[in-house]
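Here is a friendly walk through one protein chain, in questions and answers.

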Amino acid sequence: MRIIRFLGNIALWLGAILGVVAGGVWIAGQMGWVQPLIVISGSMEPGIQTGDLLLDRNIASADVEVGDVVSLHSEMTDKLVTHRVTEIRSNGDGTWQISMKGDANDEPDLEDYTVGESVLTPMVQIPLGGKVVSKLMEPAVALPILLSLIALGLLCDLWLPINKNLW
């Protein structure tokens, strides 16, 4: 029974740590400090793989240089695109015109991006983290994990200490 209790406590601690990390990322996202992104295409391979999780932060557009990787809103797809900057020009009115190209793409992006005073750039890349997050968000996976953690919590912290003389 000690092994079950030990394994249950490990699972609870791992769940608690993951919960704190997820909550911290959520709060940081709500405060505008980071933007989590799941990579859905191979346009930046091999450096950024499909299924990776990126945590982007804001930097000043004036600090962006050719060769930097940034995430910009596409007017064509209405999604964020993370590619390498090939050209940046000031419009003189506080906005910037940025041209980009994916590392694995033969051609530059079909559109230029107009940005304001800041852009997103990856600060942390977690290989395959996006696949894990996507899978954990599926109800068929999330619900059994939640119920298992509740059961382990009840088993390890409530039932066993009360009935420890039975073992």
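Q: What volume does the largest pocket have?
A: This is a predicted model, and values here are computed from it. Rolling a probe the size of a water molecule over the atoms shows where empty space is left. For the largest pocket, the volume comes to about 940 Å³.

Q: Which residues lie nearest the centre of the largest pocket?
A: The lining of this pocket is made up of 29 residues. Those nearest the centre are Leu18, Ala22, Val132, Val133 and Leu136.

Q: Which element gives the most residues to the lining of the largest pocket?
A: Five elements each supply at least two lining residues: helix H1 (2–30), strand E1 (35–38), strand E2 (53–60), helix H2 (129–136) and helix H3 (139–162). The element that gives the most, with 10 residues, is H1.

Q: How many residues in the lining of the largest pocket are charged?
A: Sorted by class, the lining has 23 nonpolar residues and 6 polar ones. As for charged residues, there are none: the lining has no charged residue.

Q: What is the volume of the second largest pocket, and which residues are closest to its centre?
A: The volume of the second largest pocket is about 510 Å³. Its lining holds 21 residues. Closest to the centre are Ile40, Ser41, Leu80, Val81 and Thr82.

Q: Which strand gives the most to the lining of the second largest pocket?
A: Both E1 and strand E4 (80–90) supply at least two residues of this lining. By class, the lining has 12 nonpolar, 6 polar and 3 charged residues. The strand that gives the most, with 4 residues, is E4.

Q: Where does Ser41 lie, and how far is its C-alpha atom from that of Gly129?
A: Ser41 is in the loop between E1 and E2. Its relative accessible area is 36%, so Ser41 counts as partly exposed. Ser41 and Gly129 are 88 residues apart along the chain, and their C-alpha atoms are separated by 14 Å.

Q: Which peptide bond is cis?
A: Most residues other than glycine have a negative phi, and most peptide bonds are trans. Pro46 is found in the loop between E1 and E2. With omega near 10 degrees, the cis bond is the one from Glu45 to Pro46.

Q: Is Asp78 buried or exposed?
A: Asp78 sits in the loop between strand E3 (69–73) and E4. Its phi is near 60 degrees, a positive value in a residue other than glycine. The relative accessible area of Asp78 is 58%, and the cut-off for exposed is over 50%. Asp78 is therefore exposed.

Q: What is the relative accessible area of Leu128?
A: Leu128 lies in the loop between strand E7 (118–126) and H2. Although Leu128 is not a glycine, it has a positive phi of about 60 degrees. Leu128 is partly exposed, with a relative accessible area of 46%.

Q: Why does Ser99 count as buried?
A: Ser99 is in strand E5 (residues 96–101). Leaving aside residues up to four places away in sequence, Ser99 touches Arg84, Val85, Thr86, Glu87, Arg89 and Asp112. Buried means under 20% relative accessible area. Ser99 is buried because its relative accessible area is 10%.

Q: What distance separates the C-alpha atoms of Ser148 and Leu12?
A: Ser148 belongs to helix H3 and counts as partly exposed, at 40% relative accessibility. Ser148 and Leu12 are 136 residues apart along the chain. The distance between their C-alpha atoms is 9.7 Å.

Q: What pattern does the protein chain follow along the sequence?
A: The protein chain has 3 helices and 7 strands. Read along the sequence, the pattern is α-β-β-β-β-β-β-β-α-α.

Q: Why is the protein chain described as more spread out than a compact globule?
A: The C-alpha atoms fill a box of roughly 75 × 30 × 25 Å along the principal axes. For 167 residues the globule rule gives 15 Å. The chain is more spread out because its radius of gyration is well over that value, at 22 Å.

Q: What share of the residues of the protein chain counts as buried?
A: The accessible surface of the protein chain comes to about 10800 Å², with 64% of it belonging to carbon and sulfur atoms. Of the 167 residues, the share that counts as buried is 26%.

Methods:
Residues are numbered from 1 along each chain as its sequence is written. This is a predicted model: local features need pLDDT of at least 70, side-chain atom pairs count only at pLDDT 80 or more; totals for chains, interfaces and linings use all residues. Side-chain values use heavy atoms; hydrogens and water are left out. On a 1 Å grid over the protein atoms alone, a cavity is a set of points where a 1.4 Å probe fits but cannot get out, and a pocket is an open set with protein on both sides within 12 Å along at least five of seven lines; lining residues have an atom within 4 Å of a point. Grid points are joined across faces, edges and corners, and a volume is the space filled by probe spheres set on the points. Ala, Val, Leu, Ile, Met, Phe, Trp, Tyr, Cys and Pro count as nonpolar, Asp, Glu, Lys and Arg as charged, and the others, Gly among them, as polar. Buried means under 20% relative accessible area, exposed over 50%, partly exposed in between (1.4 Å probe, protein chains only). Contact means heavy atoms within 4.5 Å. The radius of gyration is taken over C-alpha atoms; the globule rule is 2.2 Å times the number of residues to the power 0.38. Accessible areas come from the Shrake-Rupley method with a 1.4 Å probe; for residues, only the protein chains shown count as cover.
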